[in-house]
Amino acid sequence: MRDFGGHIGYGVRPTARRQGYATAMLRDVLPHARDLGLDRVLVTCDTTNVGSRKVIEANGGEFEDERGGKLRFWIRTGH
């Protein structure tokens, strides 16, 4: 999991994409992660998944690196 996984995952059916649902889901789960004691969370996406990368970056994702075809981002859960 350290190289290919993350703390949070999300998915949106194809007919509902590009409507802001994934951005809202990720934003709304961050306070719950903070309540669990996580100061920051790891979120990953495939290198080819531009939409997911935009969702992560819109939620404050800070790029760490690429490992095995996955982009790794850290998001702070606090204000």
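# Close-up views of a predicted model

**View 1. The largest pocket has a volume of about 510 Å³.** Of the 22 residues lining this pocket, Y10, A22, G51, S52 and V55 are the closest to its centre. The structure is a predicted model, in which local features need pLDDT of at least 70, side-chain atom pairs count only at pLDDT 80 or more, and totals for chains, interfaces and linings use all residues. Residues are numbered from 1 along each chain as its sequence is written, and side-chain values use heavy atoms, with hydrogens and water left out. A pocket is an open set of points on a 1 Å grid over the protein atoms alone, where a 1.4 Å probe fits and protein lies on both sides within 12 Å along at least five of seven lines; lining residues have an atom within 4 Å of a point. The volume is the space filled by probe spheres set on the points, which are joined across faces, edges and corners.

**View 2. Helices and a strand contribute to the lining of the largest pocket.** At least two lining residues come from each of α1 (21-35), β1 (40-46) and α2 (50-58). Helices (H or I, at least four residues) and strands (E, at least two) are DSSP runs, numbered from the N terminus. The largest share, 5 residues, belongs to α2. By residue class, the lining holds 10 nonpolar, 9 polar and 3 charged residues. Here Ala, Val, Leu, Ile, Met, Phe, Trp, Tyr, Cys and Pro count as nonpolar, Asp, Glu, Lys and Arg as charged, and the others, Gly among them, as polar.

**View 3. Three strands form an open sheet in the order β1-β3-β2.** The pairing is antiparallel, and β1 and β2 (62-67) are the edge strands, each pairing on one side only. From one strand to the next, the twist averages 25°; axes are lines fitted to C-alpha atoms (for helices over the stretch in contact), and angles run from 0 to 180 degrees between N-to-C directions. Two strands count as paired if DSSP finds at least two bridges between them. Strands of a sheet pair through backbone hydrogen bonds.

**View 4. β1 and β3 run antiparallel and are joined by 7 bridges.** V41 stands opposite I75 in β3, and L42 has W74 of β3 as its bridge partner. In β1, 5 of the 7 residues are buried, and the strand is mostly covered. Likewise, 5 of the 7 residues of β3 are buried, so β3 is largely enclosed by the rest of the structure. Buried means under 20% relative accessible area, exposed over 50%, and partly exposed in between (1.4 Å probe, protein chains only).

**View 5. β2 and β3 (residues 70-76) form a hairpin with 2 residues between the strands.** The two strands pair in the antiparallel sense over 5 bridges. R67 stands opposite K70 in β3. Within the hairpin, G68 takes a positive phi near 55°.

**View 6. F63 and F73 form an aromatic pair.** The structure holds 1 such pair. Its geometry is edge-to-face, at 5.6 Å centre to centre and 65° between the planes. Rings of Phe, Tyr and Trp (its six-membered ring) pair if their centres lie within 6.5 Å; planes under 30 degrees apart count as stacked, over 60 as edge-to-face and the rest as tilted. F63 lies in β2 and F73 in β3, so the pair ties together parts that are 10 residues apart in sequence. F63 counts as partly exposed, at 46% relative accessibility, whereas F73 counts as buried, at 0%.

**View 7. F73 is shown with E57 and A22 as distance references.** E57, in helix α2, is partly exposed at 39% relative accessibility. E57 and F73 are 16 residues apart in sequence and 8.2 Å apart in space, C-alpha to C-alpha. For F73 and A22 the separation is 51 residues in sequence and 16 Å in space, C-alpha to C-alpha.

**View 8. R18 has a positive phi, near 65°.** R18 is a residue other than glycine and is found in the segment before α1. At 88% relative accessibility, R18 counts as exposed. Most residues other than glycine have a negative phi.
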